[in-house]
Amino acid sequence: FVSLMYNPFSTLIRSEPQTRNHKFFSTNSKEAVRGIIKIGAIEYDENDILGQGCEGTFVFKGSFDDRVVAVKRVLKECITITDREIKILREADQHPNVIRYFCTEQDQQFSYIALEYCSGTLQDYIEGKDFSNNGIDQGHMDRSLLLLRQATQGLHHLHALDICHRDIKPQNILLSLPGKRGELRAMISDFGLCKKLKIGRMSFSCRSGAAGTEGWIAPEM
């Protein structure tokens, strides 16, 4: 059995409350012009890859509702996992330190999830990626402590909703684009392995094995 886990590399912070509109679209139309793919309300550039995950998952730079977004493309064979991820995102993203969800589109092969576009990951920050174009001062200790505090607050928010992330690691903590005053937010992302505890339960079975990434799985697993 596994309790809700604490990991010092997780979570995000709070500022003022925000109103978020969630939309779900289903369409079979797909248009491709010079690498630009349009599926319903989502558009993305198949040549601008932001990241790659397991089971054929890719993340592209795209747009939704005249804003820049990250578009996560998932194989339809993973529809059960995708539906669970979307459900958890819609429940949890009212917190500023949890990645914001916008909408979902589908075609015959993939599901497409439009998410908040970010500067990079905590892993990039730790490894010294050049964020100077985004106004991020990596050498500032207060900034590093703030990001850690925000990540921890984001994880606390998930635990308050009885959600166990199960894959907390620096690669899954994203850094927002700087705000009007240059402020950043650390945000928890990638809810593919998340699990929601049943009402009244404080743990769940691990009969399917230990979820997570090798090297980052909690010791008690």
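Predicted model: local features only at pLDDT ≥ 70, side-chain atom pairs only at ≥ 80, totals over all residues.
1. Cys164 is buried, with a relative accessible area of 1%; buried means under 20% relative accessible area, exposed over 50% and partly exposed in between, with a 1.4 Å probe and protein chains only. The closest cysteine sulfur to that of Cys164 is in Cys194, 7.6 Å away, which is too far for a bond. A disulfide is taken as a pair of cysteine sulfur atoms within 2.5 Å, and the structure holds zero of them. Cys118 also counts as buried, at 12% relative accessibility.

2. Residues are numbered from 1 along each chain as its sequence is written, and side-chain values use heavy atoms, with hydrogens and water left out.

3. The protein chain has three helices and 13 strands. These are DSSP runs numbered from the N terminus, with helices (H or I) of at least four residues and strands (E) of at least two. Of its 221 residues, 43% count as buried. The accessible surface of the chain is about 12,100 Å², and carbon and sulfur atoms hold 51% of that surface; areas come from the Shrake-Rupley method with a 1.4 Å probe, and for residues only the protein chains shown count as cover. Contact means heavy atoms within 4.5 Å. Among contacts between residues at least 6 apart in sequence, 65% join residues at least 24 apart.

4. Which strands make up the open sheet of three, and in what order? The order is E9-E11-E12, with antiparallel pairing; two strands pair if DSSP finds at least two bridges between them. Strand E9 (118-121) and strand E12 (186-188) are the edge strands, each pairing on one side only. Neighbouring strands of this sheet are turned by 35° against each other on average, direction ignored; the axes are lines fitted to C-alpha atoms, for helices over the stretch in contact, and angles run from 0 to 180 degrees between N-to-C directions. Strand E11 (residues 173-176) pairs with E12 over three bridges in the antiparallel sense. Ile173 has Ile188 in E12 as its bridge partner.

5. Strand E8 (residues 110-116) is mostly covered, with seven of its seven residues buried. Strand E6 (residues 67-75) runs antiparallel to E8 and is joined to it by seven bridges; Ala70 stands opposite Leu115 in E8. E8 also pairs with strand E7 (residues 101-106), in the antiparallel sense and over five bridges. Here Glu105 stands opposite Tyr112 in E8. E7 and E8 form a hairpin, and three residues lie between them.

6. The largest nonpolar core has 19 residues, of which Ile99, Leu158 and Phe191 touch the most other members. Such a core is a set of buried Ala, Val, Leu, Ile, Met, Phe, Trp, Tyr and Cys residues joined through side-chain atoms within 4.5 Å. At least two residues of this core come from each of helix H1 (79-92), E8, helix H3 (141-160) and E12. H1 gives the largest share, four residues. Another core, of 14 residues, lies apart from it and includes Tyr44, Val69, Val71 and Tyr112.

7. Is Ile99 buried or exposed? Ile99 counts as buried, at 2% relative accessibility, and is found in the loop between H1 and E7. Glu116, another contact of Ile99, is 17 residues away in sequence and 6.2 Å away in space, C-alpha to C-alpha.

8. Three further loop residues deserve a mention. Thr57 lies in the loop between strand E4 (42-52) and strand E5 (58-64) and counts as buried, at 11% relative accessibility. Not counting residues up to four places away in sequence, Thr57 touches Gln52, Lys72, Arg73 and Val74. Asp65, in the loop between E5 and E6, has a positive phi of about 55° although it is not a glycine. Asp65 counts as partly exposed, at 49% relative accessibility. Arg166, also not a glycine, has a positive phi of about 70°. The place of Arg166 is the loop between strand E10 (163-164) and E11, and Arg166 is buried, with a relative accessible area of 13%.
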